[in-house]
Each structure stands twice: as structure tokens, then as C-alpha cells.
Amino acid sequence: MAPVTSLASTVDQRLADALSAALPEAGSADPLLRRSDRADYQANGILALAKKLKGNPRELATQVVSALTAPGLIEEIEVSGPGFLNITVTDRAITETLAARAADARLGVAPAAAPGTTVIDYAQPNVAKEMHVGHLRSAVIGAAMVEILEFTGEKVVRRHHIGDWGTQFGMLIQYLIEHPHELDHEAAASTAAGSDGGAGSDGGADSDGGAGSDGETAMSNLNRLYKAARALFDSDEEFKARSRDRVVDLQAGDEETLALWQRFVDESKIYFYSVFDQLGMEIRDADIVGESGYNDMLEETCRILEESGVAVRSEGALCVFFEDVKGPDGNQVPLIVKKTNGGYGYAATDLSAIRDRVGNLDATTLLYVVDARQSLHFKMVFETARRAGWLNDEVTAVQLAFGTVLGKDGKPFKTREGETVRLVDLLDEAVERATAVVREKSEKIGLSEDEIVTNGEQVGIGAVKYADLSTSAARDYKFDLDQMVSLNGDTSVYIQYAHARIRSILRKAGTVAPVPHPELALAPAERALGLHVDQFGEVLAEVAASYEPHKLAAYLYQLASLFTTFYDQCHVLSEENPAKVVENRLFLCDITARTLKQGLALLGIEAPERL
């Protein structure tokens, strides 16, 4: 099925043709078409054109209207104010366009004309450390952008740049050598439940829920081992010396040390996968390329930067300087690629990753879904890569920077004890709250216990994702579970409920099928709903180009709101309606439900059939 041109694009093209015909001296002019509350669309481009041509805008607008030919498309066009064009399209055009979309599995959404290869760096937890609320945004925003870009035709390569290297592993590995059974699941099972450091000791998931028993056990082991190793490291100078020697062994590639390091990585992956599974995210092992994955490239990266003059030696360290990056004393603050002691900074790893992604993965775009507080670091890394020639006009790097998750008090989200909130606990509570909401509603529609549990998970996880995605990524947002699982307001539950309501209507219709009838006149609520459905492809194209998933969330919320108005004003299954009206309204219901479901799926949110 061929992609469907939206009504807005068709009207825009007809207006552009009329502008060229009526005012050839204007050249190629943009009509500046937009949706309007005075008509279906309003074109404002003639105002700017009148200034350029030194003409009367109303007179020019009248000439354009006279040159416009759009039979079957435009119902009415009027010149308004100083030269605006208010345009109303025909009911037939709306229904025929929606019918073309309904006939296509992709709802008529065209893939990108010139797709490239985007490497998305997102969901980057740290090995041997528990995931907390701060890990939520990168995972949720990144996963949504993966789905949206792939749907629009881009080739997407996922990368999870986990923190799997560093001096802390010397301490952990040395402790494991001296306490070899600390990561054994069986050995830990009896102590995990009672340990004050265990993952299950502060309200975590039961063994058959939450992030899963394997993930909970893995994190319990790692937490307990980390605390014990840290306590010994801080109190025993001989252990501290052995730990530092172990770092040297790790960096030198000692086989025993590397094997034990791999145990920490593998144990952490069990935990990571369990949390991402609860979030409904697929994380593939091949896509996890942590800091250690670039170790073999670090020295070469430093050599290239130094030999090309991009980096210079400063007080023994290899640094890159920038005119516009200065400290409080007015001196330039460098990006340190290699430290004075010969160790490599984070910059060396990030620059090596750029080399790999451009040279080996053929990336045309590098998208980093990373905390806004790292913006200066990535600005310096990207500029260094440009100076080195790894980034250029053909290959760009973008930071999709995100803000902080706040508590209801507007401060960084913490527990009552002031600790960082565990991500597993947060997700468990969201599912618990959502399940209560679903259970309360279930009696009216007769949901089974299995359906209540499944819907509770889909609504709870969807609520957490939508609260994040409905906010502009760069902004902080307040984490308020009461609002997130509400059936009222801008929530995923409201959108999911609209979808479920439509599915209920279609089931009640029985053998009456959704059929478009372009010959029918449409009520105002039907027109508004249809015109908004038609914008789906344009919204996706904008979201993919600007990396702003909150615009898709806003579109879906408005679509659900317009459906609610339609539902209130246009009775679908009324016996008083002629058969064709019933079929046409069922058609509007059906394509609205399909659009809601597809849009939610791109945000990583399920759309239950019954709710």
C-alpha cells in the first residue's frame, strides 16, 4: 500500500501552486498552513509575501483564491483579517483520506525519504550497582526513540554503554577471591532475606513478582558483597593494598582477574535484564558494549589526538582545550583524555566509542540519551571528535539531554530516609496502585483475576513511562503516582481507557462492520476527530526529526480527548441512526483505536482490550 498524503500536505501543495500561478514574481513561497480554530486550516504566508512584493495583502490573498483549483478537496475558503486564508475541506475528503489510511497496516505513514543509520546510546546502568530512579529516563526515552525511528524507516543500532570498568573492581574482585562463595545464589539465599543490605529487605518484590527472583537474588548478592568489601577496604590497609594491586592485574589482562570480573558483569546482567523485562523493554546481549568494550582502542585514540595536534600535553596529562569553556578563575578547563598517571579518562572511552560507531557501524547519527548534567562533557567530546574528523557534515552527534525526576515536594526523588529510590520498588508500587484502580473498575466489565493482574501491570508500567515521556525530556518532572494512575487528565490510563472503550463499542456492534461512507456529511465532532487522526504521520515525522517523544504523547492525549467528545456528541450504535451512519461512526472508532494503539506502542506502552 502506498503512503497516504495528509490533507494538510495536499492543501498546502494546492495553495503553493495557486501562489505561484497568481504571483509568479514571488517565486517559491510557503503558504504557512496550520490548523485553526476558525476553520480547518489557516494560511498566513501571504502577509510576509505582501511585504516582499509591496502589495496589499488582502488583494493578493483574493488573487490567490481565484487561482486555486481544488475540486472535491476544499469546501470553503475565505479571506480574513489583513490577508489570512481560512480553509475548510470537504467531508468527503476527510473520510476518503481516512479510508486510505485504514487500508494500510502502517496507517498510511510514509517511511523517511532518505533514512540513515542512527546509533542510540541509552539505558546505561552500572555493573555491581543497583538501578535507581535516575536510570529510568534514559531507558524509557531511549526505548521510545528506537521504536519511533525504526517505524519511520531509520536503521537503528542500540548501544548500552554500561559502567563495567574502573578501580572499584579491584576491591570487589579481591574480596571475592578471599570469600569465593559470596556470589553463589544458593549460599546467599538464607542470608538475603534477613540482611539489611539485601534487595528484598526494604520492601522489594516477592520471589514471584517485581523484577523476578533471579534478578532480586543477583542484586542481593552484589549489594551484600559491595558493602562487605567497602567496609574491609576502609578498615584494613593490607586489604586496600591488595585491592589496588588487583586493579593493576585487571588492567594488565590477568586471566584469573578477568574471569572474576566477568562474574560480576554476568551477575549484574541477570539483574539488569529482570528490571528491563519488568519495564517491557528488550535488551539484547549483543547491544551491551560497556566501557570495557573500548579498552583496546584507548591508546590509539590518544595517539591520533596527540599526533594531529587536537590534544596537547599539560602538566603531564593529555588534554583538549576550548576557548569557550573556562573555570571560575578565567582559565580554560580542559577535556582530560589521559591522566598524568597514565590512566584514561571517560573522554578517551567516549571518543573511542565514537570512532567505533562511525568506522565500524557506519553511523550517520549518534544519539546519546544522557542526563543534562553531562551536557558540558558531551559538548567537549563532540567538538573534539569534530576536530579529529570523526564527526563532520555527514556524521552528526546529538545529546538528547533529560532532566531530573523529582518528588512531590519538587526536590530530587528520595525515600523518607533520604536514600535514592530503587527502581524496582518504584515499578512495584506503580503496578500495585494501577492494579487497585483496575480491580475497582473490573466488576462492571467482569474481568478475570488474570486479566486484572495483566492489566494492572500494563497500566502501572505504562503510567510510569507516560509520565516521563509526556514531559519535554529537558525538563525535570514530579513523580506523583496518584496522578499517574488517574483516569482523568493527561495520563496514559486516560488514553488506554479511550482505546478500551472503542474496543468495547466494536465488540457490541456484533456483525455490523466499520465501513467508511464518504458521501455522508460529518458532524463537527466527527470532523475534528478525523482531521486529528490524519495528522499522525506528520507528528511522527516531526518527533523523529527533533527527538521529542513528548509531542507524540501530546498528540495521543488530544486524540483520546477528541474521541471522548465524539463519543458524547455522536451516538455510535443508536437504533435511530441510519445503517450507513452507524457503519461510518464505527469506522471512525476503528481507525482511532488503531492509531491510539500504534502510538502507544511506539512509546512502549500496552493498550489493553478491556479496561
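Predicted model: local features only at pLDDT ≥ 70, side-chain atom pairs only at ≥ 80, totals over all residues.
Helix α14 covers residues 423-445, and helix α15 covers residues 449-469. Two packed helices are described by the angle between their axes and the distance between the axes. For α14 and α15 the angle is about 130° and the axes are 7 Å apart. The two helices are therefore oblique to each other.

Which residues of α14 and α15 make the contact? From α14 they are L426, L427, A430, V431, A434, T435, V438, R439 and S442. From α15 they are E449, I452, N455, G456, E457, V459, G460, I461 and V464. Sorted by class, that contact holds ten nonpolar, five polar and three charged residues.

Now a second pair of helices, α19 and α20. Helix α19 is residues 536-546, and helix α20 is residues 550-569. They pack at an angle of about 160°, with axes 8 Å apart. An angle over 145 degrees counts as roughly antiparallel, so α19 is roughly antiparallel to α20. The crossing of α19 and α20 is right-handed.

On the α19 side the contact uses F536, V539, L540, E542, V543 and S546. On the α20 side it uses K551, L552 and Y555. The classes here are six nonpolar, one polar and two charged residues.

Staying with α20, look at F563 and F566. Both lie in this helix, three residues apart, which is about one turn. Are F563 and F566 buried or exposed? Both F563 and F566 are buried.

A pair of aromatic rings is described by the distance of the centres and the angle of the planes. F563 and F566 form such a pair, with 5.8 Å from centre to centre and 45° between the planes. The pair is classed as tilted. In total the count comes to eleven aromatic pairs. Elsewhere, Y368, F378 and F382 form one aromatic cluster.

Next, helix α6, residues 168-178.

Where is D287 placed? D287 sits in the loop between α10, residues 255-278, and α11, residues 298-307. The relative accessible area of D287 is 8%. Buried means under 20%, so D287 counts as buried. Leaving aside residues up to four places away in sequence, D287 touches R158, R159 and H160.

Last, the chain as a whole. The chain has 21 helices and 13 strands. The C-alpha trace spans about 90 × 65 × 45 Å along its principal axes. Of the 611 residues in the chain, 52% are buried. What share of contacts between residues at least 6 apart in sequence joins residues at least 24 apart? That share is 74%.

To recap the two helix pairs: α14 and α15 are oblique, whereas α19 and α20 are roughly antiparallel.

How values were computed. Residues numbered from 1 in each chain as written. Heavy atoms only, no water. Axes fitted to C-alpha atoms, helices over the stretch in contact; angles between N-to-C directions. Helix = DSSP H or I, 4+ residues; strand = E, 2+ residues; numbered from the N terminus. Parallel < 35°, antiparallel > 145°, perpendicular 65-115°, else oblique. Contact = heavy atoms within 4.5 Å. Nonpolar A, V, L, I, M, F, W, Y, C, P; charged D, E, K, R; others polar. Phe/Tyr/Trp six-rings, centres within 6.5 Å; stacked < 30°, edge-to-face > 60°. Buried < 20%, exposed > 50% of the residue type's maximum accessible area, 1.4 Å probe, protein only. Left-handed = near helix turned anticlockwise from the far one by under 90°.
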